[in-house]
Every structure is written in structure tokens, then in C-alpha cells.
Amino acid sequence: MKTKGLRTNKINIVTLGCSKNLVDSEVLFTQLRGNGMDVTHESKKDDANIVVINTCGFIDNAKEESINTILRYADAKEAGVVDKVYVTGCLSHRYKDELELEIPTVDAWFGTNELPRLLKTLRADYKKELVGERLLTTPAHYAYLKIAEGCDRPCSFCAIPLMRGKHVSRPMDELVTEARSLARRGTKELILIAQDLTYYGLDIYKKRNLSELITQLADVEGIDWVRLQYAYPSGFPLDVLDVMRDHTSVCKYLDMPLQTGSTEMLKIMRRGITREKTEALVETIRERVPGIALRTTLIVGHPGETEAMFEETYNFVERMRFDRLGVFTYSHEDDTHSFSLPDELSADEKQERADAIMELQQGISFEMNQARVGQTYRVLFDRKEGGYFIGRTQFDSPEVDNEVIISADQYRDGGPVRLGDFANVQIERAEEFDLYGRVV
Ligand code: SF4
């Protein structure tokens, strides 16, 4: 271990939470590199004397993970392993005043919109010319593209608007410039993210402009896949579906968190839509984009969720047969509208409901995957594990959805399969969430 006196400044950025936070860390990383600084992301080597922790403040588990990470580096500072610890991101934005008192070892706390001040503290200048020139922490062949920040929606359980502010769309030309720069450096898949994709343009173009944006991004040379994550059901811009159906570079994949299958609970959650309208929207999406994979997320155990409402959600999942599904147990978040409602269900009761939904979904996913056996899909390979390559079809987003596994000794077009390559894979076997096949 280097002694304190001889250390040169090296910065380690640690990212917690969602892909939107990851993009913020990548922007910080790019700015620091642009200032000629020695910076790394998620280094496990403990060779950095300055640590910047980009935290998540979404729900209980995430907050706990953020606090434990801060405490770990605070201890490392007290042990002389690191010199400086800085904290940014959602948890810091939301609880700065309390945390400053509770963990005085941290050198400074920053909000989610304080990049210039953070850079100044790290003795770096904010370089405007680097906007759109983002270095990636993901494998080079896919990148998250954050098209907007913040959210104007009133969902009763959600603290995100408290941490990320009002919805602000990024200008289309800036996004297209960034996509071109990413494509030049090998990005083939763009994953569009925001708190609510469907709101894109309402502020700066006075209309929902997601379909125009998707078209422009999908036309960028080198981009093979444009993927949509975090769409909101109410007011969904249907013209997006035509682009998805007709443009070969737009994945037939849509992530649309629906939260519950009970109209009464949708009302309590202030989602601005009914179950009936949700089902009609799902039907329209499946009609207009045949073969589309629909991903959703649900919250169970929200205040007021009776057995009957949960039953409605369970039946909704059974009927709708989503291709991909995740479930969260409700987290009682202060300063949200739901915080004023009695949180009566125990953690076990909430978990029981989540387990029941996931068990149901496991069966649905297994059946759907059996139907894929014998089919051939274009697969993008993300990583190698042991003697296997692991990739995804256009129906799967990184880290959350199904994967395609092939043995690593396979060839395509006369050459060995490499990470970041596309290859056509015929599916030979299927499990609940994984497909096994060979290159054809
Ligand atoms: S759409 Fe609703 S759940 Fe999503 S970030 Fe906005 S307020 Fe939160």
C-alpha cells in the first residue's frame, strides 16, 4: 500500500442505482479524463486516494446499500487508505443535511445537478466541448442514452421527482451528436432512458417527439439497435409503434412500468389510467408491433392494497402474459404522497405477494421460451463466462432480461464469435429466463 505522502491523485467513481445514475457517472468520468486526471470506475484495487460515490435514494434497499458504501469508504478514510470521500447522486440530494451531521468523515456532499461544483472541488474545469463525448463504463457495443432528466408525473409512491426535479428533455441535435460519437467508437445498441421516455419533447418542442427522436437515432450509421426503456402508459404516443414496426434498427421491445393491475390501486397511486385502458393499450401495442416483447414492473403492498386488489393484479399478470416482468415491494418513502397513508402490510406480507407474482411469471416465461426452441435469432454477445458466450436478442435489455448462452468455441462467417459481435443463433433448449443455442 502506497504511503500517504507519496500518493498521486487518483479518483475512483463508484456508481449505485439505475442506468440514469450510471450515465451521470460516465459524464463525470469523461470530464475528469478530459482534464487529464487519473480516474477509474468501480476499481476494486483500492489504489485511488479520492473516491466519489454516486448514490441512489430510490427505495429502502437502495438507500441502505448507498449508506453502507459511504460508511465503507468513510472507514477507509479513517484508516488512511483514502484521502478524500465525496458523495453525490440521489441519496445525497435528498438527505444532504442529515447525512452531513451523521457521517462527518465525508469531505463534501453534492446534489444530482451539481456537476460543475463537484468538478471544481476535484480541481477540474467543466469542459463544454465534451458534452456528447461520453466515455462508457458499459461494454463498448452498448450504451445508455439519457434523453431527459426529471419527471412531472404525480405518482403517489415515488420520490424521484424530489431528487431529479421537473422533466427536462435534451435537445434532439445534441442526442444525435452523442449517438454519432458513440457509434464511431463502436456502440451498436443505444438504450434510451429517462424517468418517462414518452414525455420527451413536451417541454422544448411543445409536443411528444419521441418517434422523431427514435427515427433520427436509428438512422445513425453503425447503430443496429435502438431500445426503449421506461415508457409511461398514460398518454402513450402511438406513433412510436409505427416507427418500431417499420424501422429495422428499432428493437421490438418496450419497457413500460405499469405498477399494478387494479384500477382502484392505480387511482390511489395517481397513475392517471385505469386497468381497462392499460389492457387496451397493451392490445394496441401487440397489434401494431407483432412479436414485440413487453417488459413491465409492478409494486405490491402499496398502502390500501387489499387482498382483492392484489388478486386483480395477479389475474392481470396471468391474462396479459408479459414477456419480461419485475416486482418491487412497496417502500414507504418520506415526502411522497403515499407517506401520508398507513403502511399496514408487513415486509413478509409484501414479499409473499411479490413471490407469488414472480412464481406465476416464471411459469409464463418458461412457456414463452419453449416456443422459441428451434427458432433462430440475431444475438449480440455481451460477455464471456467460463466456456460460454452470453448475449441477448432484440427482446432483451442488459442485466434485467433473458440471456442467450452458447459454448465459446463457435464460429460465424468463418471467424470465432467475439464480444460485441452479432451472430445468428438457433435455440436448442430453453429455461425460465435463459435460452441455449448454437451459431448458424
Ligand atoms: S413516472 Fe412516476 S414512478 Fe416514474 S419517475 Fe415519474 S413519478 Fe416516479
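Which residues have the most contacts inside the largest nonpolar core? In this predicted model, local features need pLDDT of at least 70 and side-chain atom pairs count only at pLDDT 80 or more, while totals for chains, interfaces and linings use all residues. Numbering runs from 1 along each chain as its sequence is written, and side-chain values use heavy atoms, with hydrogens and water left out.

The core in question (buried Ala, Val, Leu, Ile, Met, Phe, Trp, Tyr and Cys residues joined through side-chain atoms within 4.5 Å) holds 53 residues, and those with the most contacts inside it are Ile147, Leu192, Leu213, Ile214, Leu217, Leu228 and Leu254. Its largest share, six residues, comes from helix α6 (residues 172–184); helices here are DSSP runs of H or I with at least four residues, and strands are runs of E with at least two, numbered from the N terminus. Leaving aside neighbours within four places in sequence, Leu254 is in contact (heavy atoms within 4.5 Å) with residues including Leu228, Phe236, Met244 and Ile285.

Ile285 turns up again in helix α10 (residues 275–288), where it is buried along with Arg275, Thr278, Glu279, Leu281 and Val282. Buried means under 20% relative accessible area, exposed over 50%, and partly exposed in between, with a 1.4 Å probe and protein chains only. The buried residues of α10 fall within an arc of 160 degrees seen down its axis, so they line one face of the helix; the arc is taken from the directions from the helix axis to the C-beta atoms. On the other side, Lys277, Glu283 and Glu287 are exposed. The buried set packs against α8, β11, α9, β12 and α11.

Helix α1 (residues 19–34) has 12 of its 16 residues buried, so it is largely enclosed by the rest of the structure.
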